[in-house]
Amino acid sequence: MSLATPSKIRELQIKLYRKAKNEPGYRFYMLYDKINREDVLAHAYELARANKGAPGVDGQTFERIESAGLEEWLTGIRQELRNKTYQPQPVRRVMIPKPGGGERPLGIPTIRDRVVQTAAKIVLEPIFEADLEPSAYGYRPKRSAQDAIRKVHKLVCEGYTDVVDADLSKYFDTIPHCELLQCVARRIVDREVLRLIKMWLQAPVEEQDENGKRRLTGGKGRHCGTPQGGVASPMLANLYMNRLLKGWRNTKRGEQFDAHIVNYADDFVILSRGKAAEALNWTRQVVTRMGVTLNEAKTSIKQARQESFNFLGYTFGPHRYKKDGRWYLGASPSKKAVARIKEKVGQLLVPSNTGTWVGSAEPAESDSEGLVGVLQLRNPGSGVRGGCPLRL
């Protein structure tokens, strides 16, 4: 369930977006006072609460904050911001399992820091949104992974079947701070806002060793990475990825390679008509200049008419109709995605789970929604063409 944005905040966002869209070279210099507005902080708290999430290093929960007095708590944060004494606390790091095996780090800021980051996102996102390329789909208003899936499916059916299946190695953890802040400063010259972002990027990380002992890493000596889990991280990661997407458009690589690029967060594919190798060479040069790394072991060129490729948990390429055995180019949930959902549903359907279905099913909802979205691509009744004939 998404929360409705209060009208005054929505008016502010619309004004910021229109200003940024109409004046691409304009740099905003009076934003800090908007971040610490009373209504902005109150809405930021409601958004943070709706997203739930575990406590940070201070152990503070939403229930404890509200029982002690929410209004007073928000007033304290606002006072710190106005007095410019606000300092982010360390980020609690936990390791979570990856769908394909292994683990990845997740940063959990305190609720206090999540609220301030959300307030900043409310103000800054409309400005950055005006500059993002239409080929980016991740963590953007009115865009979704399903939109990216449909775009890739459409391009494959239109004959863009020479595919660069790209993989960036630890993208969120390796974004260079200096270059990222330069991207921010192209639009934002408010010193206090830049200071906030820099503090979040350099916030210490608290983690536990194998003996359960806590230790702090990172801090001011840290020069790269925007930890996954922070509210502002997806926005900043999108902004930095926009360098590649904007470079693609400005240098007319789409026309040169007869290709399209589709991006979602740190994942992207390039779909071409016969020039995937040239597109991959260009990509290697650009990501190197950006200071991030292409995972060569997981990056490959695929001929989608003969072999399949995966993107955002879905498999594209040759499919066969069960009824008559005909081949077609289509999309379907990947085996890993289906296995993951089966596992989550299996964990719910056990005798010991006596909760209501509405409450119990929450952990599987996000994955199942994505699965249903792609199944609709293959359902003739959905109004979306499921595939195109494939002549082998």
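A crossing of two helices is left-handed if the near helix is turned anticlockwise from the far one by less than a right angle, and right-handed if clockwise.

## Model and overall make-up

This is a predicted model, in which local features need pLDDT of at least 70 and side-chain atom pairs count only at pLDDT 80 or more, while totals for chains, interfaces and linings use all residues. Residues are numbered from 1 along each chain as its sequence is written, and side-chain values use heavy atoms, with hydrogens and water left out.

The secondary structure comes to 15 helices and 13 strands; helices (H or I, at least four residues) and strands (E, at least two) are DSSP runs numbered from the N terminus. The chain has 392 residues, of which 44% count as buried. Buried means under 20% relative accessible area, exposed means over 50%, and partly exposed lies in between (1.4 Å probe, protein chains only). Of the contacts in the chain with a separation of 6 or more, 70% are between residues 24 or more positions apart, where contact means heavy atoms within 4.5 Å.

## Packing of H10 and H12

Two packed helices are described by the angle between their axes and the distance between the axes. Here the axes are lines fitted to C-alpha atoms, for helices over the stretch in contact, and angles run from 0 to 180 degrees between N-to-C directions. Helix H10 (residues 233-250) packs with helix H12 (residues 276-290) at an angle of about 140 degrees, and their axes are 11 Å apart. H10 and H12 are therefore oblique to each other: angles under 35 degrees count as roughly parallel, over 145 as roughly antiparallel, 65 to 115 as roughly perpendicular and the rest as oblique. The crossing of H10 past H12 is right-handed.

On the H10 side, Tyr240, Met241, Arg243, Leu244, Gly247 and Trp248 meet a set of H12 residues that includes Ala279, Trp282, Val286 and Met290. Asn242 also lies in helix H10, and at 7% relative accessibility Asn242 counts as buried. Leaving aside neighbours within four places in sequence, Asn242 is in contact with Asp131, Leu132, Glu133 and Gly247. Asn242 and Asp131 are 111 residues apart along the chain, and their C-alpha atoms are separated by 8.3 Å.

## Packing of H4 and H5

H4 and helix H5 (residues 111-129) pack at an angle of about 50 degrees, with 11 Å between their axes. That angle makes H4 oblique to H5. H4 passes H5 in a right-handed crossing. Residues of H4 in this packing include Phe62, Ile65, Trp73 and Leu81, and those they meet in H5 are Ile111, Arg112, Arg114, Val115 and Val116.

## Aromatic pairs and charges over rings

A pair of aromatic rings is described by the distance of the centres and the angle of the planes. Rings of Phe, Tyr and Trp (its six-membered ring) pair if their centres lie within 6.5 Å; planes under 30 degrees apart count as stacked, over 60 as edge-to-face and the rest as tilted. By this rule there are nine aromatic pairs. One of them joins Tyr45 and Phe62 edge-to-face, at 5.7 Å centre to centre and with 70 degrees between the planes. This pair links distant parts of the chain, with Tyr45 in helix H3 (residues 38-50) and Phe62 in helix H4 (residues 62-83), 17 residues apart. Tyr45 and Phe62 are both buried. Trp248 and Phe257 form a tilted pair, 6.0 Å centre to centre with 50 degrees between the planes, and both are buried. Ring pairs also link Tyr45, Phe62 and Trp73 into a cluster.

A charge sits over a ring if NZ of Lys or CZ of Arg is within 6 Å of the ring centre and within 35 degrees of the ring normal. Arg143 lies over the face of Tyr137, 4.8 Å from the ring centre. The charged end of Arg273 sits over the ring of Tyr160, at 4.0 Å from its centre.

## His43 in H3

His43 lies in helix H3 and counts as buried at 8% relative accessibility. Apart from neighbours within four places in sequence, His43 is in contact with Leu3, Ala4, Thr5, Pro6, Ile9 and Ile122.

## Lysines with positive phi

Most residues other than glycine have a negative phi. Lys84 has a positive phi, near 60 degrees, and is found in the loop between H4 and strand E1 (91-97). Lys84 is partly exposed, with a relative accessible area of 44%.

Lys170 also has a positive phi, near 50 degrees. Lys170 is placed in the loop between strand E3 (162-169) and helix H7 (171-174), and is exposed, with a relative accessible area of 63%.
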